[in-house]
Structure formats: structure tokens, C-alpha cells
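Welcome, and please open the model in your viewer. We will walk through it stop by stop, with something to select at each one.

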Amino acid sequence: MMFVRLSSNYFFYFALLGLISPFLSIYLDGKGFNSRQVGEILAIITATKIVAPSLWAMLADKTAKPLFIIRLGAFLALLSFSLLFWLNHYWPITFCLALFTLFWTAILPQLEVHTLTSLRHSNKIYARVRLWGSLGFIALAIIAGEVMSVFGYQSFTGIGMVILAGLFVSTLMLTPLKTVTAVKDKVNKQGAILPKLMDRHFMCFFIAGLLLQISFAPYYGFFALFLRDFHYSGLAIGLFISMGVVAEVIAFIYMGKLFKRFALTSLLVFSLAITALRWFLMPEVAGSVLWLGLIQLSHAASFAIYHCASMQFISSHFSKTEQSRGQGIYLGGVYGVGGAIGAYITGIIWLDGLGAGTAFMMAGASALLGAIIMMFSNNNRVIKLK
């Protein structure tokens, strides 16, 4: 039963991501917003990821009730998302989505802690639980694409409400953990983290990651609109996006072998270079089902390999007492700042589809620059996984 309870939470959480990541832009386009406004909205809601996870983590630590934070986040996310039924104008919708994202980001970090503690940090069982998140993403990317093709962009809100309701109910099924007395690290034992942040290897790594997230903006924010302009159906769009997630899951399975054979920096540079090639080719091959499908498989390198390698980089670069701060700085800076900058720039140059080619060229150049910068890291440590 515990496996089912935990898996259902991951399924619904990432199912919602499978709706929002590809199809939020189609919903906003249906509301009559131009590409610049869409880019601005995506930038604003992405920027909430800079500080929101840390704020919720502090609240969870202070109250010592992470399960309450999970349920509160799910309930408030459901409540704020429901406001979209009655909103039609730019600022109300922007504020509503930013508020929703603020509450939604409360869930996953605490859910991860709850899951790992419940499973006694068993990586094997955790991987099986986490797999249901990927399945949720794939299922909703396919289903939502078809539903929105049939019933129009207005169905976006209804689909989201159903998923959020499922997520909230699944959080109520979670059982509280036994209270464990936390051992707080003394400040003087934590050490100063600034020298680690100013280290040349980390700076190259951080800037490369920032450029990678900037490069992902046309894909995360406008890919569904891009494929719609090529007259692909909603089902086809969902299938293409799902192909990338399937490739990502397969890559996760084999990451242990890759880490044993290749240096960490080599994997990061490879991922950045493949991503650059992916974006450069995207406008040229988007009209071909075969080539577009093959390019989507490169998501295994663009996301899965890079994500695993970056987590290993942080794990090896920071000490145990610095891990949380290092992760927070990296995730907030790279995903929050990089994602927001990329969404804003893409919104400006997209020009309602006329500038799509230019946007993907920008993305390719950004990833390529990241690969070049990462090459100067010269951090050729080979990470051996247990």
C-alpha cells in the first residue's frame, strides 16, 4: 500500500507537468496573448522557482510538519488554479499562474524527503516509485494534446483541475512519519561556502547550466505552438513530447554504466553539444515525422545525462554540510534565473511563430557556448557510483 500511495503522488504531480509544460502556451495563445506576452508570463512564473522552494523548505523545517506542507501546497495550488475559469485578462491570469506556481513548488521537495525517509533511502525502490512520475507525464502529454484538439484550449483548465484534485486526494493518503529529533549543524561547522562558489570549475559549470536552461526556453514554452504551425495534431504533439521522456527514462537506467566509463566533464560537454545540435536542426527537420522523432530521442542527452552529471558534480564539489546550500543555489540560479531569462528572450523573438527559426538558432548558440565554457573546466574526475 505504501508503494501505491507514494507512486500516486508522483503520478499526479508529474502528470500536471505533462499538461503545463507543453500546453500552457497553447492555452495562453487561445486567450489571445501574443508571443511576447506568453514569454513574459512564462518568465514570471519561472522566476518564482528562484525563491519559492527555499521559503517552503524553511517553513517545513520550522513547523516540523512536512506532510502538512505537502497537503497545504496541493490544496492551495488547486484553489488558485481554479481561478483560471473566471479570468481572461493578462495581469489577472499572470498573477493567478504565479500564485499557483508558488504553491505547487511546495510539494515536490517535501515529497522527495517524505518518500526517501519512508523507503529508508532505498535507491532501487525509489527509482520504481519515481518512474510513475514519468509515466504520468507521458500519459497526460498524450491525452491532453488529443483532448485540447477536440474540445479547444478551454479544456486546459478543466484537465488541470482534475489532475490537481487527484494530487490533493493522493496527499491525504500519505501516512505521517515517526517524529525524528533533528540534529542541527552548528554554523561554525558548516564552513564558508563562498570559496566553493568562486571556484573556477564551479563557475564554468554554473554558467554552462544557465546557458543550457536559456536554450531550453523555445522547447519548454513554445514547442507545442511550433508543431501546431506545422499542422501536427494534438495527439501527434503529445507523442513527440512523450518520446523525449521515454528516451530520458532509458538514459536514467544506464547512467551508472556511463559514469564508470566517462569523465564527468566529458558527459556534461557531450550533453551540451548534442543539445546545441538538436536546436540547430529543429527548424530544418520539423516537417519530417521521422527526423523530428529521432531528434526528440536526443532528450536523453539534453536532460537525463546532463541532470545526473550535474547532480554528481554538486555532490562531489560540496561537502555534506554544504550540500543543501549548494543545491539551492544551483537550482534557483540555473533553473529559476536561466529559465526566466530564456522565456523572456524567446517571447520577444518568437513573433507569433515568424521568428521560431531565430529562436531555435539562439537556443543552439546558447547551448554551444555552454559546451565551450564547460570545456575550460578541466575537471576530469571520474565519479564511481556505488
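**Before you click**

This is a predicted model, in which local features need pLDDT of at least 70 and side-chain atom pairs count only at pLDDT 80 or more, while totals for chains, interfaces and linings use all residues. Residues are numbered from 1 along each chain as its sequence is written, and side-chain values use heavy atoms, with hydrogens and water left out.

**Stop 1: the whole chain**

Show the chain as a cartoon. You will find 18 helices and zero strands. Both are DSSP runs numbered from the N terminus, helices being H or I over at least four residues and strands being E over at least two.

Now colour by burial. Of the 386 residues, 51% count as buried. Buried means under 20% relative accessible area, exposed means over 50%, and partly exposed lies in between, with a 1.4 Å probe and protein chains only. The accessible surface of the chain is about 18,000 Å², and carbon and sulfur atoms hold 70% of that area. Such areas come from the Shrake-Rupley method with a 1.4 Å probe, and for residues only the protein chains shown count as cover.

Contacts (heavy atoms within 4.5 Å) tell you about the fold too. Among those in the chain with a separation of 6 or more, 85% are between residues 24 or more positions apart.

**Stop 2: the salt bridges**

How many salt bridges does a search of the whole structure find? The search finds two, where a salt bridge is a side-chain nitrogen of Lys or Arg within 4 Å of a carboxyl oxygen of Asp or Glu. Side chains of opposite charge can pair when their charged atoms come close.

Select Arg228 and Asp29, whose closest N and O atoms are 2.9 Å apart in a salt bridge. Arg228 belongs to helix α12 (residues 217-229) and Asp29 to helix α1 (residues 2-30), so this pair ties together parts that are 199 residues apart in sequence. Arg228 is partly exposed at 36% relative accessible area, and Asp29 is partly exposed at 27%.

Next, select Arg36 and Glu40, a salt bridge with its closest N and O atoms 3.7 Å apart. The two are four residues apart in helix α2 (residues 35-47), about one helical turn. An α-helix has 3.6 residues a turn, so residues three or four places apart point the same way. Arg36 is partly exposed at 42% relative accessibility, and Glu40 is partly exposed at 21%.

**Stop 3**

Is Ser35 buried or exposed? Ser35 counts as buried, at 7% relative accessibility. A polar atom of the Ser35 side chain lies 3.5 Å from the backbone oxygen of Gly347. Leaving aside neighbours within four places in sequence, Ser35 is in contact with Phe222, Gly347, Trp350, Leu351 and Asp352.

Move on to Leu351, in the loop between α17 and α18 (356-375). Leu351 is not a glycine, yet has a positive phi of about 55 degrees. Leu351 is exposed, with 52% relative accessible area. Asp352 is found in the loop between α17 and α18, and its phi is near 55 degrees, a positive value in a residue other than glycine. Asp352 is exposed, with 53% relative accessible area.

**Stop 4: a nonpolar patch**

Select Ile50, Val51, Leu55, Met58, Val337, Ile341, Tyr344, Ile345 and Ile348, which form a nonpolar surface patch with about 720 Å² of accessible area together. Patches are made of residues with over 30% relative accessible area and no salt bridge, joining like charges within 9 Å and nonpolar side chains (Val, Leu, Ile, Met, Phe, Trp, Tyr) within 5 Å. Which helix gives the largest share of the patch? That is α17, with five residues. Both α3 (52-63) and α17 (323-350) supply at least two residues each. Click Ile345, in helix α17: Ile345 is partly exposed, at 31% relative accessibility.

**Stop 5: helix α11**

Finish at helix α11 (residues 200-215), whose end C-alpha atoms are 23 Å apart, in agreement with the 22 Å that its 16 residues should span. The expected span is 1.5 Å times one less than the number of residues. Its buried residues include Phe202, Cys204, Phe205 and Gln213. Asp199 caps the N-terminal end of α11, placing a side-chain oxygen 2.9 Å from the backbone nitrogen of His201.

Key. Polar contact = N/O pair within 3.5 Å; in protein donor to acceptor, adjacent residues only side chain to side chain.
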